[in-house]
Amino acid sequence: MERTRERHKSPRNKDGRGSEKSVTIQAPTGEPLLANDSAHTGTEEVQDDNWGETTTAITGTSEHSISQEDIARISKDMEDSVGLDCKRYLGLTIASFLGLLVFLTPIAFILLPQILWREELKPCGAICEGLLISVSFKLLILLIGTWALFFRKQRADVPRVFVFRALLLVLIFLFVVSYWLFYGVRILDSRDQNYKDIVQYAVSLVDALLFIHYLAIVLLELRQLQPMFTLQVVRSTDGESRFYSLGHLSIQRAALVVLENYYKDFTIYNPNLLTASKFRAAKHMAGLKVYNVDGPSNNATGQSRAMIAAAARRRDSSHNELYYEEAEHERRVKKRRARLVVAVEEAFIHIQRLQAEEQQKSPGEVMDPREAAQAIFPSMARALQKYLRTTRQQHYHSMESILQHLAFCITNSMTPKAFLERYLSAGPTLQYDKDRWLSTQWRLISDEAVTNGLRDGIVFVLKCLDFSLVVNVKKIPFIVLSEEFIDPKSHKFVLRLQSETSV
């Protein structure tokens, strides 16, 4: 094991074997905790505990590398986003126009006879006036219900229209047009003098609109409440999975539900944790040399076969190396975690001492939580820096975010354990800065039409730039539950003791 440790601590070759050249995108905004927070492929694993005093520069590759095709695809996505904005505003304009037409139609039915042939109308009696009050309150109820059901902030842009919403809009449009046609033929042309019948006609329209609103609630909200399917969501890079139960939804709406739950249930995706196995495989292949003893007649296929055969012969020793590497990494993580816990506890003790001193000062001299966080942060910065680099979390935590979290903990009188919980274990994606994890666009890949409903056996993929989510749909099985009656008297028993006889 000592030989293995010495081998890990040895510096890398001068020719930079194992490193790659890549084109990188500019890092997300925000001041990083470390000056060089690019992803380290294998250099991080071979550094000792005193690297900070001797190391001046670290070079490595980035996992966030793209090709020219990716750059072209990103530019195409930006062009497509303009089309999505136009489609979104067009749909909003059509829905607003149709809603305005629906609410103005009953009012127009009532006011047009008063404007066009007011002198010829019969006087409106008590029943007619009651109908006018009924129309007013029903329109108010319809307005509130429409606002609560339809006028919501849009959560996402979907590739296709929502089928039930489009059907409801078409139904409302046809319904209002048919009422206008009947009104124009039977009332406007004939100049009907019975104003009570005209008001009754407007009341029937409002009643029908209320029933359509009830139908919209059933189709858009109630239909999907009963769970019918179980969705298994697997992240393609590390295999982390979750299960969700959904009702009758289309594929694109189920994809939206999956993404909303992904950001709060899945731990944040860290590509740096996947570089260790890649570096280990590259190191094994780099240590193999093939000599061509038969001259230049052999081609590259023979050399590749020889390298594969040599790698297979070294397979028996590779698991030992992996074991010692993981044991060494766990030892270093535990050591730096202990140092971090001690440093944070001492810093919070210093905060308590400062708070005790500030209680004796005048109100104008009291230090606010931000200043207190800046005062104690240097005492824990080095331990936190080393721990985040060891666990490869440095690119998710900027100095500003750490200071804000520390000030928040000081303001709410949290313990050191509460402060460290964010850094000791990976949290959900929403816990981190949005600029560091939010994907600009997801792609939905499905063999079925995305407007089709879920059914058993469907598989669709949600893909972003770095990874993808594979969703497998399973129908919840039909459960047969039977009842078995047990007689309460069957639980009673009699204990019979035999009397002992003297011998």
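Let's start at I144, a residue that sits in helix α4, which runs over residues 126–149. The model you are looking at is predicted. I144 belongs to a nonpolar patch on the surface, together with I133, F137, L140, L143, W147 and F151. Taken together, these residues have about 780 Å² of accessible area.

From here we can turn to the record. The unreviewed UniProt entry carries the annotation "transmembrane region" for residues 89–111, 131–150, 162–183 and 198–220. What does the model show over two of these spans? Residues 162–183 are 95% helix and 0% strand, and their end C-alpha atoms are 32 Å apart. Residues 198–220 are 100% helix and 0% strand, with 33 Å between the end C-alpha atoms.

R392 lies in the loop between α11 (369–390) and α12 (399–411). Its phi is near 60°, a positive value in a residue other than glycine. Is R392 buried or exposed? R392 counts as buried because its relative accessibility is 6%, and the cut-off for buried is under 20%.

The next loop, between α12 and α13 (416–424), holds S413. S413 is not a glycine either, and it has a positive phi of about 55°. With a relative accessibility of 63%, S413 counts as exposed, since exposed means over 50%.

C409 has 0% relative accessibility, so it counts as buried. C464 is buried as well, with a relative accessible area of 12%. As for disulfides, pairs of cysteine sulfur atoms within 2.5 Å, the count comes to zero.

Definitions and conventions. Residues are numbered from 1 along each chain as its sequence is written. This is a predicted model: local features need pLDDT of at least 70, side-chain atom pairs count only at pLDDT 80 or more; totals for chains, interfaces and linings use all residues. Side-chain values use heavy atoms; hydrogens and water are left out. Buried means under 20% relative accessible area, exposed over 50%, partly exposed in between (1.4 Å probe, protein chains only). UniProt positions are given in the numbering used here, feature names are shortened, and annotations may be inferred rather than shown by experiment. Helices (H or I, at least four residues) and strands (E, at least two) are DSSP runs, numbered from the N terminus. Patches are made of residues with over 30% relative accessible area and no salt bridge: like charges are joined within 9 Å, nonpolar side chains (Val, Leu, Ile, Met, Phe, Trp, Tyr) within 5 Å. Accessible areas come from the Shrake-Rupley method with a 1.4 Å probe; for residues, only the protein chains shown count as cover. A salt bridge is a side-chain nitrogen of Lys or Arg within 4 Å of a carboxyl oxygen of Asp or Glu.
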